[in-house]
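Try each one before reading its solution.

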Amino acid sequence: MATKSPTALTSEVMIKRNINQFFQPLARLAFVNPKSGEPMLQLLSPEGVYSVEKEFTRYGSIIDSLSESQLKTLYRDMARIRRFDQEAIALQRQGQLGLWVPAIGQEAAQIGSGYAVGKNDHIFPSYREHGVAITHGVELISILKMMRGVNHGGWNPEETRFHLYAIVLGTQVLHAVGYAMGVKLDGKVGTSNPEEDLAVISYFGDGATAEGDVSEALLFAAVNESPIMFFIQNNQWAISANIDSQTKVPLYRRGEGFGVPGLRVDGNDVLACYAATKYHMDQIRSGSGPYLLEALTYRIGAHTTSDDPTKYRSEEEVEIWKARDPIKRYEVFLRRQGVDDSFFEEVAQAGDKLAEEIREQIFALGKPPLEHIFDNVYSDPHPEIDKQKAWLRAYEDQMGSHE
Ligand SMILES: Cc1ncc(C[n+]2csc(CCOP(=O)(O)OP(=O)(O)O)c2C)c(N)n1
Ligand SMILES: [Mg+2]
């Protein structure tokens, strides 16, 4: 990738103006302020300027090897997932979805890291990783089906290696470590054949780090030298609980006491997220043991469509993080690389088309057979479940609400 010299761009000037707000210290957020002095891998500044500090050369080399088409894909998919998110919020408001979990603001952390996960690797997400999902072939409508309640999971993890969403915080991290321990026992790590090796990555939030499951997972991974990456998306809020109430040290250091080293990455910098995930997943696959990445980012929207964040956080804080928008920042970078308007127009049009398709697909979904609620509770028939099924069937028949 050849870096071109900076050119004057209107959007860049606007971004710079906003950036001046960054440096107003937010006392409450002392150690999550990117200016706090904590080390952080950043390859793309908020102004969209690409540079690699000497100590981070190994990450820069990964970006240097990306083609123009790969660089464009990162943009295309960040824009795609944001548009999808906006449409999903609208669909929920129109009564088409029971709930929606927005990931706006976290696109770089998800698309960047997602594309760095290898073709044999397994991914254990929480419930907000829609961006990671699309980098591994999960169809967007599958995610919506689950949020509409027409099935229990949405996709087949055997096909995508992207496991089902976990709503109970931190549980997926233990599942992931268990899987990683199995991978090692199967001799699929450090075989010196990169085609064979595989690793595991688990995504979880800042709030989930306070769960006992996550501490247990870190310890099991460390003592068993399991091939797993712990990927924390620190969006700084766990519903209404701020990061201050979850930790006394920066989260990239959370694994240290267990023996799991870590790194903080600018979670709004798609190139840093890609490079760090790629570098450390490659290492893990070849037998280096577990590693932890903290992607420092921000949840721009509500926790879910059932939440009202204006009740617990200031507009000023949200504005500061909007100015660090991962997509806008990357657009400035691409334009500097010589990517012109026609590409961005094409992406915008693809977004309109996606919105239309998603609506058509949602409206075409029928109601699932009522029995499905009960069918997967136990592997064998159970008299109590049969009783409940019969009761619900009679109730629905009486109400005439389920054909
Ligand atoms: C064990 C458990 N406790 C509480 C909840 C309720 N809950 C759902 S999401 C959430 C906040 C999680 O925050 P974080 O881990 O930072 O992830 P984010 O939602 O910000 O992506 C809570 C408390 C839950 N799902 N599971
Ligand atoms: Mg959070």
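**Exercise 1.** Find out how many of the 16 residues of α10 are buried.

*Solution.* In this predicted model, count as buried any residue with 20 or more other C-beta atoms within 10 Å of its own. By that cut-off, 14 of the 16 residues in α10 are buried, and the helix is mostly covered. Next, trace its length: α10 runs over residues 270–285 and reaches 22 Å from its first C-alpha to its last, close to the 22 Å expected at 1.5 Å a residue. Finally, look just past the helix, where Gly287 has a positive phi of about 105°.

**Exercise 2.** Work out how α2 and α10 are oriented to each other.

*Solution.* Start with the axes: those of α2 (residues 57–64) and α10 come within 9 Å and cross at roughly 105°. Angles of 65 to 115 degrees count as roughly perpendicular, and therefore α2 and α10 are roughly perpendicular to each other. Now list the partners: Arg58, Tyr59, Ile62 and Ile63 of α2 meet Leu271, Ala275, Ala276, Lys278 and Tyr279 of α10. This contact is made up of 7 nonpolar, no polar and 2 charged residues.

**Exercise 3.** Describe the residues around ligand 1.

*Solution.* Ligand 1 is surrounded by 14 residues, the closest being Leu169, Gly205, Gly207, Ala208 and Ala238. Sorting the shell by type gives 7 nonpolar, 4 polar and 3 charged residues.

Key
Residues numbered from 1 in each chain as written. Chains lettered and ligands numbered in written order. Predicted model: local features only at pLDDT ≥ 70, side-chain atom pairs only at ≥ 80, totals over all residues. Near = placed C-beta within 6 Å. Nonpolar A, V, L, I, M, F, W, Y, C, P; charged D, E, K, R; others polar. Helix = DSSP H or I, 4+ residues; strand = E, 2+ residues; numbered from the N terminus. Expected span 1.5 Å × (residues − 1). Buried ≥ 20, exposed ≤ 12 C-beta atoms within 10 Å, placed from the backbone. Axes fitted to C-alpha atoms, helices over the stretch in contact; angles between N-to-C directions. Parallel < 35°, antiparallel > 145°, perpendicular 65-115°, else oblique. Contact = placed C-beta atoms within 7 Å.
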